[in-house]
Amino acid sequence: MTSAPPEARLAAVNDAIAKSARIAGRKAEAVTLIAVSKMKSAEEIKPLLAAGHRIFGENRVQEAAEKWPTLRAEYPDVRLHLVGQLQSNKSEEAVLLFDAIHSLDRPSLVTALAAAMAKSGRRPDCFIQVNIGAEAQKGGCAVDQLPELLALAEQADLPVAGLMCVPPADVEPAPYFALLAKLAKRHQLAGLSMGMSEDFETAVTIGATHVRVGTALFGARD
Ligand SMILES: *Cc1c(COP(=O)(O)O)cnc(C)c1O
């Protein structure tokens, strides 16, 4: 699939999402495809814009700030999602640039984002990233710290849209997706940001509302 033209890859991913949604008795429109364009140039992104796609993801504030203002001048209805770790001192820039932030994972970031939102008047949707496999090297709040972090985010009046996870590599992801879905339900959160190129179809059958797909759309990153 990755040797196909970009617009064919986009159609194939959208078809796969629709098929998985149907299997699960869900509507395809309930799933938002975030095209993760990290490390991809404006030239590589343009075919997807031309094909009508408008929702993109980046994992670094600096890279997004370099690439997207020019593209957005041409396509003002683009929506940008931050899918990578956020340093507190980049919160102001992130709030100005992104429409959603999928990496809220600690109390200091709640404070920094709340201040940045108050200052700018912008309120990007926030997803709390959960370290669903309890992996030492991974970002995200621990499962047992989620209630406390959610309470802090609520006190700070952050617009929390849901939960996000990246399950452990090289193991069956379904149990991790199911755990994230259970946690979201417990806390009455509608958004579930889960599923990447390798496993977005599984994620959709388990309730993903946002899938974050890079490689399957753009080809491998160097
Ligand atoms: C890079 C990245 C993705 C996309 O990964 P692919 O395997 O290329 O689809 C999704 N989510 C996060 C958090 C990422 O960093």
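Student: Which residues does Ser20 contact, leaving aside its neighbours within four places in sequence?
Tutor: Ser20 is in contact with Glu201, Val204 and Thr205, where contact means heavy atoms within 4.5 Å. This is a predicted model, in which local features need pLDDT of at least 70 and side-chain atom pairs count only at pLDDT 80 or more, while totals for chains, interfaces and linings use all residues. Residues are numbered from 1 along each chain as its sequence is written, and side-chain values use heavy atoms, with hydrogens and water left out.

Student: Where does Ser20 lie, and is Ser20 buried or exposed?
Tutor: Ser20 belongs to helix H1, residues 6-23. Helices (H or I, at least four residues) and strands (E, at least two) are DSSP runs, numbered from the N terminus. Ser20 counts as buried because its relative accessibility is 5%. Buried means under 20% relative accessible area, exposed over 50%, and partly exposed in between, with a 1.4 Å probe and protein chains only.

Student: Now helix H5. Why does the distance between its end C-alpha atoms agree with its number of residues?
Tutor: Helix H5 has 14 residues, 107-120, and at 1.5 Å a residue should span 20 Å; its end C-alpha atoms are 20 Å apart, so the two agree. The expected span is 1.5 Å times one less than the number of residues.

Student: Which residues of H5 are buried, and what do they pack against?
Tutor: The buried residues are Leu109, Val110, Ala112, Leu113, Ala114, Ala116 and Met117. They pack against helix H4 (91-97), strand S4 (100-104), strand S5 (125-129) and helix H6 (146-155).

Student: What follows H5?
Tutor: Gly121 does, and the phi of Gly121 is positive, near 80°.

Student: Which residues have a positive phi although they are not glycines?
Tutor: Met39 is one of them, with a phi of about 65°. Met39 sits in the loop between strand S1 (32-36) and helix H2 (42-50), and is partly exposed at a relative accessible area of 49%. Gln188 also has a positive phi, about 55°, without being a glycine. Gln188 is in the loop between helix H7 (174-186) and strand S7 (191-193), and counts as exposed at 74% relative accessibility.

Student: How many disulfides does the count come to?
Tutor: The count is zero, a disulfide being a pair of cysteine sulfur atoms within 2.5 Å. The sulfur of Cys126 has its closest cysteine sulfur in Cys141, 13 Å away, and so is too far for a bond. Cys141 is in no disulfide either, since its nearest cysteine sulfur, that of Cys165, is 12 Å away. Cys126 is buried at 0% relative accessible area, and Cys141 is buried at 3%.

Student: How much space lies in the largest pocket, and which residues lie nearest its centre?
Tutor: About 670 Å³ of space lies in the largest pocket. On a 1 Å grid over the protein atoms alone, a pocket is an open set of points where a 1.4 Å probe fits, with protein on both sides within 12 Å along at least five of seven lines; lining residues have an atom within 4 Å of a point. The lining has 28 residues, and Lys38, Val166, Met196, Arg212 and Arg221 lie nearest the centre. Strand S8 (210-213) and helix H9 (215-218) each supply at least two lining residues.

Student: Where is Gly207 found, and is Gly207 buried or exposed?
Tutor: Gly207 is in the loop between helix H8 (200-205) and S8, and counts as buried at 17% relative accessibility. Beyond its neighbours within four places in sequence, Gly207 is in contact with Arg26, Leu192 and Met194.

Student: Last one: what does Pro168 touch, with residues up to four places away in sequence not counted?
Tutor: Pro168 touches Gly133, Glu135, Lys138 and Tyr176. Pro168 lies in the loop between strand S6 (160-164) and H7 and is buried, with a relative accessible area of 13%. Pro168 and Leu158 are 10 residues apart in sequence and 28 Å apart in space, C-alpha to C-alpha.

How values were computed:
Grid points are joined across faces, edges and corners, and a volume is the space filled by probe spheres set on the points.
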